[in-house]
Amino acid sequence: MILRYSPARRYVAEALGTALLLCIIVGSGIMAERLSGALSTPAVPGAVALALLANAIATGCGLYALICVFGPVSGAHFNPIVSIVAWQAKQLSAIDSLVYVLVQSVGAIAGVWTTHLMFELPMLQLSAHQRSSGAERFSELVATFGLILVIQQGSKTAASSVPAMVAAYITAAYWFTASTSFANPAVTIARAFSNTFAGIVAADILGFIAAQCVGALLAVLLVHWFNVEKP
């Protein structure tokens, strides 16, 4: 994708898009938890599953809209790993990649704080939601592997369908991974600042991000192998 917008416009698009993505993830989680009965004592049977379903659908729909809106401006990465992979593939300069990572991270945290204000929650909070199991970390490897594979290989075989493919994949990955598919370091860090349905305790961040990086690397290697020219 050739980006014709100025750097400032692209950076704002990445920050705003990532902020809105976190509003969708965290906000839909809060709303789903409240409306499903997951917060009641005792909890309504199946309430957590219903909350996760609502959270997944909202995230997938919102992600598709955001990619369509911001894609022509900045590429709609909203994810440091996607930006680093784009730099590796020479689709983004090193400076742009670095700034993208910074504005995505800031935008993600701003999105969490915005969501807390919308739901009349304390703006500043830390998550107590533990996600420390080996299965959850391995799930992040798988989730990120699939995401980068969909983006990089999809852009080569069906570029116009990438927004729908990414949205559909993330919606599915909420359900087929034990971690509910963060697959994004900026999202992972930001969700540590929300003690809600979508949160993650700060101590578990490093394990998630390490797994995400390994998954991305494996996907890059596979895509390269798929597309390397035959001698």
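This is a predicted model: local features need pLDDT of at least 70, side-chain atom pairs count only at pLDDT 80 or more; totals for chains, interfaces and linings use all residues.
**Entry 1: α5 against α6**

I began with helix α5, residues 134-157, and helix α6, residues 162-176. I found them packed at an angle of about 165°, with the axes 10 Å apart. An angle over 145 degrees counts as roughly antiparallel, so α5 is roughly antiparallel to α6. The crossing of α5 past α6 is right-handed.

I then listed the residues that meet. From α5 they are V142, A143, G146, L147, V150, I151, G154 and S155. From α6 they are V162, M165, V166, Y169, I170 and F176. I sorted the residues of this contact by class and got 11 nonpolar, 3 polar and no charged. On the α5 side I noted the spacing of the list, with V142, G146 and V150 among its members. An α-helix has 3.6 residues a turn, so residues three or four places apart point the same way.

Next I looked at helix α3, residues 80-88. Which of its residues are buried? I noted P80, I81, V82, S83, V85 and A86. I also checked what covers them, and the cover includes α4 (94-118), α5, α7 (185-191) and α8 (205-227).

I looked at both ends of α3. At the start, a side-chain oxygen of N79 comes to within 3.0 Å of the backbone nitrogen of I81. After the helix comes K90, with a positive phi near 65°.

For the pair α3 and α4 I noted a packing angle of about 180° and axes 9 Å apart. That makes α3 roughly antiparallel to α4. P80, S83, I84 and W87 of α3 meet A94, S97, Y100, V101 and Q104 of α4. The contact of α3 with α4 holds 6 nonpolar, 3 polar and no charged residues.

**Entry 2: S36**

I turned to S36, which is in helix α1, residues 7-36. Is S36 buried or exposed? Its relative accessibility is 10%, so S36 counts as buried.

I looked for polar partners of the S36 side chain. The side chain reaches the backbone nitrogen of A38 at 3.3 Å. A polar atom of the S36 side chain also lies 3.4 Å from the backbone oxygen of A47. Not counting residues up to four places away in sequence, S36 touches V44, A47, L50 and A51. A47 therefore comes up as a contact of S36 and, through its backbone oxygen, as a polar partner, the cut-off being N or O atoms within 3.5 Å.

**Entry 3: two loop residues**

I looked up T180 in the loop between α6 and α7. At 15% relative accessibility, T180 counts as buried. Leaving out residues up to four places away in sequence, T180 touches L52, R131, A173, Y174 and R191.

I then went to G199, in the loop between α7 and α8. G199 has 0% relative accessibility and counts as buried. Which residues does G199 contact, leaving aside neighbours within four places in sequence? I listed S127, H129, R131, F182, R191 and S194. R131 and R191 are contacts of G199 and also of T180.

Last, I checked G199 against P45, which is 154 residues away along the chain. Their C-alpha atoms are separated by 22 Å.

Conventions:
Residues are numbered from 1 along each chain as its sequence is written. Side-chain values use heavy atoms; hydrogens and water are left out. Axes are lines fitted to C-alpha atoms, for helices over the stretch in contact, and angles run from 0 to 180 degrees between N-to-C directions. Helices (H or I, at least four residues) and strands (E, at least two) are DSSP runs, numbered from the N terminus. Angles under 35 degrees count as roughly parallel, over 145 as roughly antiparallel, 65 to 115 as roughly perpendicular and the rest as oblique. A crossing is left-handed if the near helix is turned anticlockwise from the far one by less than a right angle, and right-handed if clockwise. Contact means heavy atoms within 4.5 Å. Ala, Val, Leu, Ile, Met, Phe, Trp, Tyr, Cys and Pro count as nonpolar, Asp, Glu, Lys and Arg as charged, and the others, Gly among them, as polar. Buried means under 20% relative accessible area, exposed over 50%, partly exposed in between (1.4 Å probe, protein chains only). A polar contact is a pair of N or O atoms within 3.5 Å; within protein, one must be able to donate a hydrogen and the other to accept it, and residues adjacent in sequence count only if both atoms are side-chain atoms.
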